[in-house]
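User: Hi! Could you walk me through this structure with me?

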Amino acid sequence: MDLSDLRSLSYAVVDVETTGTRVHGGDRIMEVAVVHVRDGIATTAAEFLVNPQRPVSPWVSRLTGITWETVHEAPTFGDIAERIQESIDGHVFVAHNVRFDWRFLSMELQRATGRGLRGRRLCTVKFARKLLPYLRRRNLDALAWHYDVPIIGRHRAGGDARATARILQHMFVEARRQDVDTWNQLETLLRTPKPPPVRSYLPQPVRDEAVA
C-alpha cells in the first residue's frame, strides 16, 4: 500500500510525436517533450525534435506540421537518450493515452541504452474516465475545453505535454474534492469497475379490459 500524498510526488508529463502508430513496425519518435509537475508548478524539462532515421508519412505531416525537412538535421534519439532518461527517472510517468507514449519511449530507450522504462505511470485518459464520468469525451481537446486550458501547438510534443500538465493539475484539485489524496486511493479509483449503463424503459400502454 502506497500512502504517498499525491501532492508530494513529482510527475513527468510526456508527449511524443511519431512517424506512425506501429511501435513494432518500424515507426520512430520524431519529437519528444517532458514537463515536470511538482508542488503545483509545471516546468518544461526536455523538448527535442528527433531525426527518426526514416521518412515521415504525408498524413503525419498534415497532422503535426512536421516534415522530413523539419527533422533531417535534428539529433537522433541516441543523441538525446541520456537527457530524456534523466528527465523521467524518479518521476511518475504521465501521458494522455499513456500506453502509446510509454511503449514508444521504452522502445527507443531500449534501443539506445539497453534499458527500457520502469516505474509508476498514470494515464490522464483513464483518470478522466473515473474522475469525470459525466463528460461525453475525454480526448485532450475535450479536457482542455472543460478546464479552459489553451493548447498552444496542438499535435506538437511541447504544446500537448504542457497542456496535459495543466490539465493534470486541475484533475488533482478535483480528485481532492472527491477525497482522493494518496497514490493508493488513486489506484483504487482507477480500478473501480465501470457502472452498468442506465437503461430507460418506455412505459407500456395500458389496455382496457373488455367488459363482458
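User: Which element gives the most to the lining of the largest pocket?
Analyst: That's E1, with five residues. Strands are DSSP runs of E, at least two residues, and helices are H or I runs of at least four, numbered from the N terminus. A pocket here is an open set of 1 Å grid points over the protein atoms alone where a 1.4 Å probe fits, with protein on both sides within 12 Å along at least five of seven lines; lining residues have an atom within 4 Å of a point.

User: Is this a predicted or an experimental model?
Analyst: It's a predicted model: local features need pLDDT of at least 70, side-chain atom pairs count only at pLDDT 80 or more, and totals for chains, interfaces and linings use all residues. Residues are numbered from 1 along each chain as its sequence is written, and side-chain values use heavy atoms, without hydrogens and water.

User: How much space lies in the largest pocket?
Analyst: About 450 Å³, counted as the space filled by probe spheres set on the points, which are joined across faces, edges and corners.

User: Which residues are closest to its centre?
Analyst: Asp15, Val16, Glu17, Phe100 and His155, out of 22 lining residues.

User: New topic: what's the strand order in the sheet?
Analyst: The open sheet of five strands runs E3-E2-E1-E4-E5, with mixed pairing; two strands pair if DSSP finds at least two bridges between them. The edge strands are E3 (41-49) and E5 (121-123).

User: And how do E1 and E4 run, parallel or antiparallel?
Analyst: Parallel, joined by three bridges. Ala12 stands opposite Phe93 in E4.
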